Amino acid sequence: RTECAVRAAVASETALLLRTSEAEMSTSLLVLPRFASADFRRFHALCVELEDAIERDDALVDDVMLACFHPRHEWAGDVGEALHFDKRAPYPVINFLRAEVVDRYVGEGKTQRILQRNQETLEQVGVERLREMYRSLMVVGEGG
């Protein structure tokens with residue numbers, strides 16, 4: 001429910017990821033149904049703070065990356081309405097990724113294809129259908 005509790009859970013999950021082999025765990029999800037589910041800006045601000053802390057930590061910067069998802073996520077700027085669904089989830093979620101795996105995928109060109117495919121798929125499905133599908137998943141409410 002609180003930023004302090006989320007920070008503690010993030011520290012715990014980060015430690016778990018780092019002490020577990022890649023073969024056993026290459027990614028992890030922290031689902032936060034009671035933290036800022038209706039307040040995207042609050043959640044986003046905390047995610048930026050957490051990402052900045054990782055960037056400043058020499059012990060973590062080469063090992064961990066975060067990807068954050070929120071029920072009300074919206075990209076800044078004019079990206080097309082369907083693309084906002086790319087980072088939405090029924091609850092606030094922090095995805096912990098091994099930086100080495102992400103770097104490997106970037107080097108292999110996989111991440112760009114994933115992003116492009118996601119965008120194409122979302123645009124093909126269309127905003128109205130995405131909203132309908134998303135509402136069927138929602139517990140906290142999309143608000144629009």
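This is a predicted model: local features need pLDDT of at least 70, side-chain atom pairs count only at pLDDT 80 or more; totals for chains, interfaces and linings use all residues.
Contact here means that heavy atoms lie within 4.5 Å of each other.

In soluble globular proteins, nonpolar side chains tend to be buried together. The largest nonpolar core in this model has 19 residues, and among its members Phe43, Ile94 and Phe96 touch the most others. Two or more residues each come from helix H1 (3–19), helix H2 (40–56), strand E2 (64–69) and strand E3 (93–98). The greatest contribution is that of H2, which supplies 5 residues. The surroundings of Ile94 can be listed in detail. With its neighbours within four places in sequence set aside, Ile94 is in contact with Val6, Val10, Ser28, Leu29, Leu30 and Leu32, and also with Phe43, Cys47, Leu50, Leu66, Ala67 and Cys68.

Helix H2 is made up of 17 residues. From its first C-alpha to its last H2 reaches 24 Å, which is close to the 24 Å expected at 1.5 Å a residue. Its buried residues are Phe40, Phe43, Leu46, Cys47, Leu50 and Ile54. These residues lie on the same side of H2, because they cover an arc of only 135 degrees around the axis. Their packing partners are H1, E2 and E3. The other side of H2 carries Arg41, Glu55 and Arg56, which are exposed. Ala45 is also found in H2. With a relative accessibility of 44%, Ala45 counts as partly exposed, since that class lies between the limits of 20% and 50%. Between Ala45 and Arg104 there are 28 Å in space, C-alpha to C-alpha, and the two are 59 residues apart in sequence.

Rolling a probe the size of a water molecule over the atoms shows where empty space is left. The largest pocket holds about 700 Å³ of space. Its lining comprises 29 residues, of which Leu66, Ala67, Phe69, Lys87 and Leu97 are the closest to the centre of the pocket. Strand E1 (27–31), H2, E2, E3, helix H3 (99–107) and helix H4 (110–125) each give two or more residues to this lining.

Helix H4 has 16 residues. The distance from its first C-alpha to its last is 22 Å, close to the 22 Å expected at 1.5 Å a residue. Just after H4, Gly126 adopts a positive phi of about 90 degrees. In helix H5 (residues 127–137), the buried residues are Val127, Leu130, Arg131 and Tyr134. Viewed down the axis of H5, these residues fall within an arc of 100 degrees, so they line one face of the helix. H4 is included in what covers them. Exposed residues Glu128 and Ser136 are carried on the face of H5 turned away from the buried side. Another residue of H5 is Arg135, which is partly exposed, with a relative accessible area of 45%. The C-alpha atoms of Arg135 and Gly109 are separated by 33 Å, and the two residues are 26 apart along the chain.

Definitions and conventions: Residues are numbered from 1 along each chain as its sequence is written. Side-chain values use heavy atoms; hydrogens and water are left out. A nonpolar core is a set of buried Ala, Val, Leu, Ile, Met, Phe, Trp, Tyr and Cys residues joined through side-chain atoms within 4.5 Å. Buried means under 20% relative accessible area, exposed over 50%, partly exposed in between (1.4 Å probe, protein chains only). Helices (H or I, at least four residues) and strands (E, at least two) are DSSP runs, numbered from the N terminus. The expected span of a helix is 1.5 Å times one less than its number of residues. The arc is that of the directions from the helix axis to the C-beta atoms. On a 1 Å grid over the protein atoms alone, a cavity is a set of points where a 1.4 Å probe fits but cannot get out, and a pocket is an open set with protein on both sides within 12 Å along at least five of seven lines; lining residues have an atom within 4 Å of a point. Grid points are joined across faces, edges and corners, and a volume is the space filled by probe spheres set on the points.
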